[in-house]
Amino acid sequence: MDFRIMGFDSPLLNTLQHMMDLSDDTEKIPNAPSKVYMRDAKAMAATPADIKEYPKSYVFIVDMPGLKSGDIKVQVEDDNMLLISGERKREEEKEGAKYVRMERRVGKLMRKFALPENANTDAISAICQDGVLTVTVEKLPPPEPKKPKTIEVKIA
């Protein structure tokens, strides 16, 4: 669909249109984003999330509609990147039934978050309830301030 036909002509919409219309010949265009990158970018854009900071933890709240706990992966990459992903598959069509309208999203859901330096990656918990995933990352205790080193002065 061309947004210009509908009377919308902004650089942002044109860029989005171009990204959506990328065809199989992206390998021929130098510096073009890969199909995997485009798929992941769409998955990240379509996965809403909230982040809360508490005195002792960070809490990530991510909408994962229609996914069971076994379909969701929570990982830590490169010691500071929290990766939350899952995939919602299309329901199998039953004999004699056909879709009249399909509006619910199917496909990959994913978010990546850079964790702060004080995040304890060994103390992460995740709970999924009613299609909402809550990931809690505990904070490391603040480092103790260094005590000044006293040097004894000798008399010569």
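The legends below describe close-up views of a predicted model. Local features need pLDDT of at least 70 and side-chain atom pairs count only at pLDDT 80 or more, while totals for chains, interfaces and linings use all residues. Residues are numbered from 1 along each chain as its sequence is written, and side-chain values use heavy atoms, with hydrogens and water left out.

**View 1. The salt bridge between E53 and K139.** A search of the whole structure finds one salt bridge, meaning a side-chain nitrogen of Lys or Arg within 4 Å of a carboxyl oxygen of Asp or Glu. The side chains of E53 and K139 form it, at 2.6 Å from N to O. E53 lies in strand β1 (residues 49-53) and K139 in strand β7, so the pair ties together parts that are 86 residues apart in sequence. Strands here are DSSP runs (E, at least two residues), numbered from the N terminus. E53 is exposed, with a relative accessible area of 55%, whereas K139 is buried, at 17%. Buried means under 20% relative accessible area, exposed over 50%, and partly exposed in between (1.4 Å probe, protein chains only).

**View 2. The surroundings of K139.** K139 belongs to strand β7, which covers residues 132-139. Leaving aside residues up to four places away in sequence, K139 touches E53, Y54, P55, K56, S57, Y58, N118 and N120; contact means heavy atoms within 4.5 Å. The charged end of K139 sits over the ring of Y58, 4.8 Å from the ring centre. For this, NZ of Lys or CZ of Arg must be within 6 Å of the ring centre and within 35 degrees of the ring normal.

**View 3. Strand β2 and its partners.** β1 and β2 pair in the antiparallel sense over five bridges; two strands pair if DSSP finds at least two bridges between them. These two strands form a hairpin with three residues between them. Within β2, Y58 is the bridge partner of E53. β2 and β7 also run antiparallel, joined by seven bridges, and Y58 stands opposite V137 in β7. Five of the seven residues of β2 are buried, so the strand is largely enclosed by the rest of the structure.

**View 4. The aromatic pair of F60 and F113.** The structure holds one aromatic pair. F60 and F113 form this pair, which is tilted, with 4.9 Å centre to centre and 45° between the planes. F60 in strand β2 (residues 57-63) and F113 in strand β5 (residues 107-114) are 53 residues apart, and the pair links these distant parts of the chain. Rings of Phe, Tyr and Trp (its six-membered ring) pair if their centres lie within 6.5 Å; planes under 30 degrees apart count as stacked, over 60 as edge-to-face and the rest as tilted. Both F60 and F113 are buried.

Methods:
Helix = DSSP H or I, 4+ residues; strand = E, 2+ residues; numbered from the N terminus.
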